[in-house]
Amino acid sequence: MTQLIILAAIAVFVLWRLKGVLGTRTGYERPTGPTSAPAPDARRRGPEFEVIDGGADLDADIARVADADGESAVALRRMAAAEPGFRPSEFVEGARHAYELILMAFETGDIPALRPLLSDEVFESFAAAIRAREQEGLTVEARFIGVKEARIFSAIFTDDSREADIEVRFVGELVSVVRNAEHQVVEGDPTEIRRQTDLWTFTRRMGADDPNWILTATGG
């Protein structure tokens, strides 16, 4: 009995660590129809947020994905000035794909897939949580449903370094079950969709040859 209590306490601690790495998961709802989502890009070199020249007016483009009158809008306009063709809506579309790639790589414990997508600090945090999960014999079975919402929450641009930081608020849905070494479910339900809210910050130097944005901070 004492051994079971200790194992249960360890499992609770590890699950608490995992929630701290990602976001806040709130609410459950049973699937009511097909839940298939487009398969993520299998390339491991990081998400490419392509930008386009011309097109819709920049202010209208910003209004689709962010507060058009706030400080973030000012920062987004400065990013576009530093890199002509940058469009916030295109960035957000790329961020949606990156969110799925990173989230599922974390859920399934695919550490090599995470390496090119994350800053050193975030990578170490994710990798440590995955290793802790593995050491306690916990495994995750996950299926990504989709992104219900993706919107720019804040944006900062530094003129001297040309570094851009864009914080995106995601509301994602997935089916996720955590099992212990005996294959018993210790968290989640294979028949229920879990909703997760995250605030992720992506960073890149505008005008750089490398088009990839790197995840540099997470919260929820």
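**Chat about a predicted fold**

Me: What pattern does the protein chain follow along the sequence?
Reply: Read along the sequence, the pattern is α-β-α-α-α-α-α-β-β-β-β-β. This is a predicted model, where local features need pLDDT of at least 70 and side-chain atom pairs count only at pLDDT 80 or more, while totals for chains, interfaces and linings use all residues. Residues are numbered from 1 along each chain as its sequence is written, and side-chain values use heavy atoms, with hydrogens and water left out.

Me: How many helices and strands does the protein chain have?
Reply: There are six helices and six strands. Helices (H or I, at least four residues) and strands (E, at least two) are DSSP runs, numbered from the N terminus.

Me: OK, how much of the protein chain counts as buried?
Reply: Of its 220 residues, 45% do. Buried means under 20% relative accessible area, exposed over 50%, and partly exposed in between (1.4 Å probe, protein chains only).

Me: And the largest nonpolar core, which residues have the most contacts inside it?
Reply: Met 79, Phe 91, Ile 166 and Phe 202, in a core of 49 residues. A nonpolar core here is a set of buried Ala, Val, Leu, Ile, Met, Phe, Trp, Tyr and Cys residues joined through side-chain atoms within 4.5 Å.

Me: Which element gives the largest share of this core?
Reply: Helix 4, with eleven residues.

Me: What does Ile 166 touch?
Reply: Leaving out residues up to four places away in sequence, its partners include Leu 76, Met 79, Phe 91, Ile 152, Phe 202 and Trp 213. Contact means heavy atoms within 4.5 Å.

Me: Back to helix 4. How do the axes of helix 2 and helix 4 cross?
Reply: At roughly 35 degrees, coming within 8 Å; helix 2 is residues 58-65 and helix 4 is residues 88-108. The axes are lines fitted to C-alpha atoms, for helices over the stretch in contact, and angles run from 0 to 180 degrees between N-to-C directions.

Me: Which residues make the contact?
Reply: Leu 58, Asp 61, Ile 62, Arg 64 and Val 65 of helix 2, with Pro 88, Ser 89 and Val 92 of helix 4.

Me: New topic: what's the phi of Arg 162?
Reply: Near 60 degrees, a positive value in a residue other than glycine. Arg 162 sits in the loop between strand 2 (139-158) and strand 3 (163-179), and is partly exposed at 31% relative accessible area.

Me: And where is His 183?
Reply: In the loop between strand 3 and strand 4 (185-188).
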